[in-house]
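Have the structure open while you read, and click on residues as they come up.

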Amino acid sequence: MKIESIELHHVAMPLVHPFETSFGREEVRPCILVAVHSQGLTGWGECPVEAAPFYSYETVETAWHVLRDFLVPAVLGQPVERPADVIARFSRVRGHQMARAALENAVWDLLARAQGMRLHRLLGGQRDRVPVGVSVGIEATLDQLLDQVTGYVAQGYRRVKLKIKPGWDVEVVRTVRRRWPDLLLQVDANSAYTLADAPTFRRMDDLDLLLIEQPLDYDDIVDHATLQAQLRTPICLDESITSVERARWALDIGACRVINIKVARVGGLTNAIRIHDLCGERGVPVWCGGMLETNVGRSVNVALATLPNFRLPGDISASARYYQADIAAPDFVLNSDSTLSVPDGPGIGVHILPERLVSVRLRHHVV
Ligand code: SMG
Ligand code: MG
């Protein structure tokens, strides 16, 4: 297939509930949606960047620049038979994983649609539903947090992730654990601590947590190995794993016992599958992370999480947890067994709602 034209849409959508992490609070969530057109078909990909470089160095502006000026020109007018063709054309660009992922994933969707196949089958997934949980942000008070968790548990979520930061950690998590002794519970520090905080994490060892996510620096692997050696609870890396190589280094030195795979953070579905396979060979479980995606990115996450070594529930919650009115349909609805189902249609199985897209769009670029 020859890529005939490509569109970039910069959108911003208000969240149903503000989301606070150790690095900041978001009420409105931007992203860039990429559409690739060929032979009357359109494939969609999502770049879940933030406005500010607080989770990752990539922002809406860096991703827009790298897509518009480098990645889009590299594939426009080119024949594409498989995702590897796109990756080969990106080879001179260093970094900018989220920008790459958006365009590569749009091509996966296009290729799946051209074959009339659901994306998860093209990826090699076997399941039709995947276990999921919900990520609960930092709240102003403990009571407000307990209200949030109560609401999500009532909705049927069986796994909860709590965001932590210094001053909002052991005692908060202990309170939640006491209230819900059987809940699958894990925490995410988003790099808010240093090795000097090892005693804090040792105190979490008796809270029966599934894992502790990214306690130390966003770019670190070595210190995490030192910390992991002192803990029974598995460390899970998120921010630090931006490539297959970094995943291998982390496993080689024992920096973690679990990996969170975010398709955008690792540069697209091809790398996500490679990391999944590597972890599978090493007996290390993975789970699918989330970046508050729209239904476009969420559908990719669900498809990816159907692969066999996704053995822990993903941060892939129902659509209603994120936005009042998503730009794509159908919405994802939580099943009674705390799973989400793979949608029925070809490709990512969701379709864009053009009026909604235009109503939240800030910028549009067509080539
Ligand atoms: O998509 O449900 C979701 C959010 C999951 O907590 C989540 N993501 O570090 O894992 C993480 C955070 C990053 C999101 S910040 C925009
Ligand atoms: Mg995380």
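1. Let's start inside, with the largest cavity. By class, its lining has five nonpolar, three polar and two charged residues. Keep in mind that this is a predicted model. The space in this cavity comes to about 70 Å³. A search of the whole structure turns up three cavities of 30 Å³ or more.

2. Who lines that largest cavity? Among the residues there are Glu-46, Pro-48, Ala-101, Asn-105 and Val-263. Also on the list are Ala-264, Glu-293, Gly-297, Val-300 and Asn-301. Two elements give two or more residues to this lining: helix H3 (97-114) and helix H11 (295-304). H11 has the largest share, with three residues.

3. Next, the second largest cavity, which holds about 50 Å³ of space. Its lining runs through His-17, Pro-18, Phe-19 and Glu-20, then includes Val-136, Gly-137, Ile-138 and Glu-139. Gln-148, Tyr-152 and Arg-321 line it too. E1 and helix H5 (142-155) are the elements that give two or more residues here. Which of them gives the most? That is E1, with four residues. By class, the lining divides into five nonpolar, three polar and three charged residues.

4. The largest pocket has a volume of about 370 Å³. Strand E1 (5-21), strand E2 (24-38) and strand E6 (159-163) are the elements giving two or more residues to its lining. E2 gives the most, with six residues. In total 28 residues line this pocket, and Phe-19, Thr-21, Phe-23, Glu-26 and Leu-292 lie nearest its centre. Have a look at Phe-19 in particular: it is in this lining and also in that of the second largest cavity.

5. What kinds of residues make up the lining of the largest pocket? They divide into eleven nonpolar, five polar and twelve charged.

6. Zoom in on the oxygen atoms of ligand 1. A polar side-chain atom of Lys-262 is 3.0 Å from one oxygen atom of the ligand. For Asp-238, an N or O atom in the side chain lies 3.1 Å from an oxygen atom of ligand 1. Met-291 uses its backbone: a polar atom there is 3.3 Å from a ligand oxygen. How much of the ligand does the protein bury? Taken alone, ligand 1 exposes 440 Å², and the protein buries 100% of that.

7. One last stop: the second largest pocket, with a volume of about 230 Å³. It is lined by 14 residues, and the closest to its centre are Ser-56, Tyr-57, Tyr-218, Glu-239 and Thr-242. By class, this lining has four nonpolar, five polar and five charged residues.

Methods:
Residues are numbered from 1 along each chain as its sequence is written. Chains are lettered from A and ligands numbered from 1 in the order in which they are written. This is a predicted model: local features need pLDDT of at least 70, side-chain atom pairs count only at pLDDT 80 or more; totals for chains, interfaces and linings use all residues. Side-chain values use heavy atoms; hydrogens and water are left out. On a 1 Å grid over the protein atoms alone, a cavity is a set of points where a 1.4 Å probe fits but cannot get out, and a pocket is an open set with protein on both sides within 12 Å along at least five of seven lines; lining residues have an atom within 4 Å of a point. Grid points are joined across faces, edges and corners, and a volume is the space filled by probe spheres set on the points. Ala, Val, Leu, Ile, Met, Phe, Trp, Tyr, Cys and Pro count as nonpolar, Asp, Glu, Lys and Arg as charged, and the others, Gly among them, as polar. A polar contact is a pair of N or O atoms within 3.5 Å; within protein, one must be able to donate a hydrogen and the other to accept it, and residues adjacent in sequence count only if both atoms are side-chain atoms. Accessible areas come from the Shrake-Rupley method with a 1.4 Å probe; for residues, only the protein chains shown count as cover.
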